[in-house]
Amino acid sequence: MRSKKRREIELRDLFRTRNRGMRSLLATVEKLVDHDVPVLILGESGVGKDHLAAAIHACGARRELPFVHIDCASIPHDLFESELFGYEPGTFTDAKVRRIGKLEAAKDGTVYFDEIAALTTPLQAKLLRAIEEKRFTRLGGHQNVAFAARVIVSTNVDLDGLVARGEFRRDLFYRINVVTLTLPPLRERREDIPLLAAGFLRVARVARRSEAPGSTPARKILRSFEPEALEVLTGYPWPGNIRELKNVVERAALLEDSDRIGVGSLAERLRDATSLVSAAVCDQWTLDELEKRYIREILRQTKSNFSRAATILGINRKTLLEKRRKYGLE
Ligand SMILES: Nc1ncnc2c1ncn2[C@@H]1O[C@H](COP(=O)(O)OP(=O)(O)O)[C@@H](O)[C@H]1O
Ligand SMILES: [Mg+2]
């Protein structure tokens with residue numbers, strides 16, 4: 001087994017963060033990667049639930065064994081059981097040979113149930129039985145198949161609410177809800193946006209470099225973001241979370257002709273949505289903070305033409321210069 005130290009470095013590489021809540025979540029992950037306890041990952045769509053499930057497997061003792069991702073929302077209900085448990089020949093008209101299901105394919109590795117709330121209650125009961133008894137039978141079969149994979153589950157819906165309404169089985173809920181990891185939405189960890197954006201830009205840069213020679217004229221190397229572009233990125237509320245950020249950076253990397261991503265290459269919805277006021281309300285800025293940022297924006301727009309900026313702000317030039325000094329905008 002590798003040393004604990006080495007593994008920490010890997011987790012940190014997979015989850016670059018400056019956010020306190022994320023750091024303590026990673027400390028918990030660090031403790032559980034080598035154990036068998038089921039893990040329930042909660043969080044809005046795009047916060048990185050799949051990324052975390054894969055990381056738990058990749059950093060844990062089972063990393064050399066299979067990781068099987070089951071997207072509960074995309075498998076049709078009537079096929080789910082055979083997908084999960086497999087079947088014996090003759091079970092259906094066209095079942096000519098035995099087919100191994102996903103639980104069996106996972107061996108002693110990890111099985112990840114993505115969007116578990118999409119499972120029907122009869123399927124929930126069958127899954128619970130397999131987890132509790134550590135075995136199951138293939139459809140149409142009698143022979144027990146051992147089930148020893150680690151179980152990780154995720155959902156973006158309020159499971160408590162579903163349980164209360166009888167739409168999710170309480171017994172399965174208790175079985176999977178041993179360790180719960182809640183990934184915060186991106187708007188609650190804005191300090192990570194520059195880090196994540198820089199990471200996505202690095203990947204886009206590598207992709208650009210490996211473009212077929214001669215397919216496009218040589219373009220400048222994308223180095224970073226213009227400060228205004230970063231400000232728009234950090235101010236936007238990111239309803240699609242990290243997935244949306246990744247798409248925005250990839251698109252900007254494609255469109256940008258200079259060596260730094262500017263506001264012009266960011267999707268229009270970002271520029272529109274990122275009004276200072278919405279960012280201020282979201283992050284609960286003080287009035288001074290809002291004033292400072294507004295003055296900085298107007299100075300940027302007027303290219304530091306103080307007279308024009310003062311006119312726009314409705315104050316005289318002297319007051320503007322005083323505020324500029326007060327807020328360290330010189
Ligand atoms: N911490 C992270 N660092 C880098 N990329 C991330 C991180 N979290 C998520 N991603 C990327 O963001 C996208 C959405 O993540 P995903 O795990 O699919 O979210 P969810 O399952 O919560 O909808 C994926 O492309 C994933 O690789
Ligand atoms: Mg997912």
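The structure is a predicted model, in which local features need pLDDT of at least 70, side-chain atom pairs count only at pLDDT 80 or more, and totals for chains, interfaces and linings use all residues. Residues are numbered from 1 along each chain as its sequence is written, chains are lettered from A and ligands numbered from 1 in written order, and side-chain values use heavy atoms, with hydrogens and water left out.

**Ligand 1**

Helices (H or I, at least four residues) and strands (E, at least two) are DSSP runs numbered from the N terminus.

| Residue | Protein atom | Distance to an oxygen atom of ligand 1 |
|---|---|---|
| V47 | polar backbone atom | 3.3 Å |
| R243 | side-chain N or O atom | 3.0 Å |
| K246 | side-chain N or O atom | 3.1 Å |

Of the 560 Å² of accessible area that ligand 1 has on its own, the protein covers 83%; such areas come from the Shrake-Rupley method with a 1.4 Å probe.

**Backbone with positive phi**

Most residues other than glycine have a negative phi. E115, which is not a glycine, has a positive phi near 55 degrees. E115 lies in the loop between strand 5 (110–114) and helix 6 (121–133). With a relative accessible area of 18%, E115 is buried, a class that means under 20%, whereas exposed means over 50% and partly exposed lies in between (1.4 Å probe, protein chains only).

S304 also is not a glycine and has a positive phi of about 60 degrees. The loop between helix 14 (287–301) and helix 15 (306–313) contains S304, which is partly exposed at 42%. Just after helix 16, G328 takes a positive phi of about 65 degrees. At the start of helix 16 (residues 317–326), a side-chain oxygen of N316 comes within 3.2 Å of the backbone nitrogen of K318.

**Other positions**

T17 is located in the loop between helix 1 (4–14) and helix 2 (20–32) and is buried, with a relative accessible area of 13%. The side chains of T17 and D192 are joined by a polar contact of 2.5 Å. Such a contact is a pair of N or O atoms within 3.5 Å; within protein, one must be able to donate a hydrogen and the other to accept it, and residues adjacent in sequence count only if both atoms are side-chain atoms.

A280, in helix 13 (residues 276–283), is buried at 9% relative accessibility. C-alpha to C-alpha, A280 and R293 are 9.7 Å apart in space and 13 residues apart in sequence.
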